[in-house]
Amino acid sequence: MPVTLTPQQQAAVENRGGSLLVSAAAGSGKTRVLVDRLFRYITEERCNVDDFLIITYTRAAAAELRGKIAAELSRRVGENPLDTHLRRQLLRVYQADIKTVDAFCAALLRENTHLLAREEDLHALTPDFRILDDGEAALIRRRVLDRTLSRFYEDLTPGGGQLADTLGAGRDDSALAALVLELYDKLQSHASPEDWLLRSRAAWESPAPGFDATPYAQALLTVLRRRAVHWADQLRRGAERTEGDAALASGYGAKFLESAQGFQDLGQSPDWASARERINAVPFPRLATPKGRKDDPLTASLKRTWEGAKAALKPLRSWLDVTGEEAMEDLRAVAPAMLALLDLTADFSAAFRAEKLRLNAADFSDQEHLALTLLVRPDGTPTELGGQVSARYAEILVDEYQDTNEVQNAIFRAVSREGKNLFTVGDVKQSIYRFRLADP
């Protein structure tokens, strides 16, 4: 039995104005909207189900989505048995590209390994390349990293010595090894890890004129502003809950609003120095609990909000303990070690890539990066293959879009006619892949 859509859901199904993002909470029918949008194309615009690339993030989810589409097709064919177009879709649904990002990239690579440039002194992937599982990849990584660290110590630079002493204090290099692997893993979420390393190296070689111009200040200020605005909102909502209760509004509501304004001012800090001043100006006047209402549920709830806001300031104050000038001194002091870390990570990355090519193997991140090189030139323009693949699909539909990282997003743009026929659904609160830099 068909489900009746809400006006908002119906608008998402019918909209053809270009790229579209549907952001909604769990259980609100996002996947239902995606399926209905697909069927609107099939039934009214006479598209075929395999004219679309439908991406989700696990094999189980892809199988479940294919099953839902097949079930809906069967239902509609049952209602319209003479519709030959619909009946043809029953066969096409099992040929359609309903898959994970990894599966899409692997298929693209196996069909087009001949287009991959052979790297100097390295082997090239062949169509029968292996996908490394996590266990095998970890063993190869450890072996390659051990060799890379041995070369690092043989040719130890002053910056390398500072790096090793800082992390190991002369005892062992386990912390250094773990840091290299962590940085390498995070790099894989970028569309071009090599470019990121080069940009980072240039930034450390030529530091910004002031702390506010560094990416570190901007990252910290972004988080600080976001948290400050969040607590300003929470405190204002708390004040609203006291409306109509004169005693509670006087003892709590007015003071919540006073503190909320302080958080709001902090959230609008234009630079590091102003944030340092404003964080100490956030007021927390003493609350006055109305007589006999200490254990009242509303009073207890408001107290929790108040204590949560106070606790939220503690880590922010620790960030702001140093002046911008002191922070720049620290950055200049650590620059040689950071440059050594970037060089060490780049050396490991190159050695790991060479070893995987020697084994005619690839891991999951390799599939994404190699697929992107097949689709997009270094200058950002589509390759001949990229143009062919993007012409293959009427639309790219992405479920669980909140789990997408930068390189995956670049792949979606590359196969979607510059992002003009992308339909994505997701919920920021359900993001589970932040460890690989998913950016909801």
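Is the crossing of α6 and α14 left-handed or right-handed? The crossing is right-handed. This is a predicted model.

**Where α6 meets α14**

- Helix α6 covers residues 134–154, and its axis comes within 9 Å of the axis of α14.
- The two axes cross at roughly 130 degrees.
- Angles over 145 degrees count as roughly antiparallel, 65 to 115 as roughly perpendicular, and those under 35 as roughly parallel. α6 and α14 are therefore oblique to each other.
- On the α6 side, the residues in contact include Ala 137, Ile 140, Val 144, Leu 145 and Phe 152. Arg 141, Arg 143, Arg 147 and Arg 151 of α6 also take part.
- On the α14 side, the partners are Leu 344, Asp 347, Phe 348, Ala 351, Phe 352 and Glu 355.
- By class, this contact has 10 nonpolar, 1 polar and 6 charged residues.

**The largest pocket**

- The largest pocket holds about 1400 Å³ of space.
- Its lining is made of 45 residues. His 369, Leu 372, Thr 373, Leu 374 and Val 376 are the closest to the centre.
- Several elements give two or more residues to this lining: α9 (193–205), α14 (324–358), β5 (361–362), α15 (364–375), α16 (384–392) and α17 (406–414).
- Which element gives the most to the lining? α15 does, with 7 residues.
- Sorted by class, the lining has 22 nonpolar, 12 polar and 11 charged residues.

Conventions. Residues are numbered from 1 along each chain as its sequence is written. This is a predicted model: local features need pLDDT of at least 70, side-chain atom pairs count only at pLDDT 80 or more; totals for chains, interfaces and linings use all residues. Side-chain values use heavy atoms; hydrogens and water are left out. On a 1 Å grid over the protein atoms alone, a cavity is a set of points where a 1.4 Å probe fits but cannot get out, and a pocket is an open set with protein on both sides within 12 Å along at least five of seven lines; lining residues have an atom within 4 Å of a point. Grid points are joined across faces, edges and corners, and a volume is the space filled by probe spheres set on the points. Helices (H or I, at least four residues) and strands (E, at least two) are DSSP runs, numbered from the N terminus. Ala, Val, Leu, Ile, Met, Phe, Trp, Tyr, Cys and Pro count as nonpolar, Asp, Glu, Lys and Arg as charged, and the others, Gly among them, as polar. Axes are lines fitted to C-alpha atoms, for helices over the stretch in contact, and angles run from 0 to 180 degrees between N-to-C directions. A crossing is left-handed if the near helix is turned anticlockwise from the far one by less than a right angle, and right-handed if clockwise. Contact means heavy atoms within 4.5 Å.
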